[in-house]
Amino acid sequence: IGDEAGEFGKIASANSISDVYAMGGKPLMARAILGWPINKLPVELAQQVIDGARTICAEAGIPLAGGHSIDSPEPIFGLAVSGLVDLKNLKQNNTAKEGNLIYLTKKIGVGILSTAGKRGILKKEHVGVAAKQMMQLNKLGEKAGHLKGVTAMTDVTGFALLGHLIEMAEGSGLTAEITYSKIPLFDGLEFYTSQKCMPGNTQKNWKSFETKVAGITEELIFTLCDPQTNGGLLIAVDLNSKSEFEQLLITEGYENFTEPIGVMKSKGEKVVTII
């Protein structure tokens with residue numbers, strides 16, 4: 001996904017810490033897990049990975065407290081993150097309520113842009129765009145956890161927006177109705193989708209849940225089934241808490257994500273309906 005070792009460490013670390021934020025928690029500490037092909041890549045590169053991780057941990061306000069390393073055939077890196085949350089603030093992904101508004105806090109298209117980079121067709125103006133988002137911490141989740149009106153929360157990762165939305169709606173016994181034009185997308189994706197530029201897991205995602213979705217077209221599969229790395233938070237919010245939650249988004253710098261992408265409705269024939 002990234003060409004620089006330090007960037008690799010930052011992305012992997014932000015992705016790891018996101019799980020705590022997605023439950024409304026506060027991360028406390030992290031331990032590194034590093035696999036490195038010591039006979040193929042210099043140890044100095046591994047140090048850059050660790051340095052990248054330390055940068056993100058510092059941004060999250062937690063220590064990188066040691067870890068474990070092994071010799072492996074290819075580079076592997078991640079964090080084991082411990083966090084803390086008051087049980088009354090704990091957010092789950094299966095507790096949304098009928099009438100809840102649905103919000104997404106990052107743009108979709110990481111997989112498409114990353115694949116374009118691997119194929120050598122990524123436009124100059126899009127270089128580094130996906131990586132920048134993947135290194136962005138989902139700190140908002142900790143503060144959203146304190147809002148009673150936030151009824152359910154998760155983060156969007158490898159199963160794409162549709163996969164995680166299905167998990168939330170199905171687990172809550174509801175149907176999610178989303179408006180495609182409201183979904184935040186990276187600029188310029190049309191060029192890459194016209195080139196059939198998508199990760200292999202896009203089709204794998206679609207095949208795993210195609211029977212649960214209504215209103216999708218072949219074109220929308222590229223984006224709605226696009227696997228994300230450290231994607232945005234997918235949040236269900238009580239209608240009465242709309243103003244309070246949107247004010248939190250603005251305060252935390254998410255003023256471009258204050259428009260809901262959909263609403264939770266009573267259970268219908270399909271788990272997700274796209275309009």
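**Figure 1. Lys106, a buried lysine without a salt bridge.** In this predicted model, Lys106 is buried (under 20% relative accessible area, where over 50% is exposed and in between is partly exposed, using a 1.4 Å probe and protein chains only). Lys106 has no salt bridge, meaning a side-chain nitrogen of Lys or Arg within 4 Å of a carboxyl oxygen of Asp or Glu. The nearest side chain of opposite charge belongs to Asp155, 8.4 Å away; here Lys and Arg count as positive and Asp and Glu as negative, while His and the chain ends are not counted. To find Lys106, look in the loop between strand S4 (101-104) and helix H3 (110-119). Helices (H or I, at least four residues) and strands (E, at least two) are DSSP runs, numbered from the N terminus.

A word on how to read these views: residues are numbered from 1 along each chain as its sequence is written, and side-chain values use heavy atoms, with hydrogens and water left out. Because the model is predicted, local features need pLDDT of at least 70 and side-chain atom pairs count only at pLDDT 80 or more, while totals for chains, interfaces and linings use all residues.

**Figure 2. The surroundings of Lys106.** What does the side chain of Lys106 make a polar contact with? One partner is the side chain of Asn138, at 3.5 Å. A polar contact is a pair of N or O atoms within 3.5 Å; within protein, one must be able to donate a hydrogen and the other to accept it, and residues adjacent in sequence count only if both atoms are side-chain atoms. The backbone oxygen of Gln136 also lies 2.7 Å from a polar atom of the Lys106 side chain. Setting aside neighbours within four places in sequence, Lys106 is in contact (heavy atoms within 4.5 Å) with residues including Gln133, Pro184, Asn230 and Phe257.

Figure 3. How many salt bridges does the rule give? The count comes to seven, and three of them are described here.
- Lys88 pairs with Asp86, with the closest N and O atoms 3.0 Å apart. Lys88 is exposed, at 65% relative accessibility, whereas Asp86 is partly exposed, at 41%.
- Lys265 pairs with Glu177, with the closest N and O atoms 3.3 Å apart. This pair links distant parts of the chain, 88 residues apart: Lys265 sits in strand S9 (residues 262-266) and Glu177 in strand S6 (residues 174-178). Lys265 is partly exposed at 37%, and Glu177 is partly exposed at 22%.
- Glu246 and Lys242 meet at 3.0 Å, N to O. These two are about one helical turn apart, because they are four residues apart in helix H10 (residues 242-251). Glu246 is buried at 13%, while Lys242 is partly exposed at 30%.

**Figure 4. The largest nonpolar core.** A nonpolar core is a set of buried Ala, Val, Leu, Ile, Met, Phe, Trp, Tyr and Cys residues joined through side-chain atoms within 4.5 Å. The largest one has 32 residues, and those that touch the most other members include Leu162, Ile216, Leu224 and Met264. Among the elements giving two or more residues to this core are S4, S6, helix H8 (200-209) and strand S10 (272-274). Helix H6 gives the most, with six residues. Leaving aside neighbours within four places in sequence, Leu162 is in contact with residues including Trp206, Phe209, Val213 and Val272. A second, separate core has 21 residues, among them Ala14, Ile17, Leu64 and Leu79.

**Figure 5. Strand S8, covered on both faces.**

**Figure 6. An open sheet of seven strands.** The strand order is S5-S8-S4-S9-S6-S10-S7, with mixed pairing; two strands pair if DSSP finds at least two bridges between them. S5 and strand S7 (213-214) are the edge strands, each pairing on one side only. S8 runs antiparallel to strand S5 (residues 150-155), joined by five bridges, and Asp155 stands opposite Leu233. S8 also runs antiparallel to S4, joined by four bridges, with Val237 as the bridge partner of Leu101. S4 and S9 pair in the antiparallel sense over two bridges, and there Leu101 stands opposite Val263.
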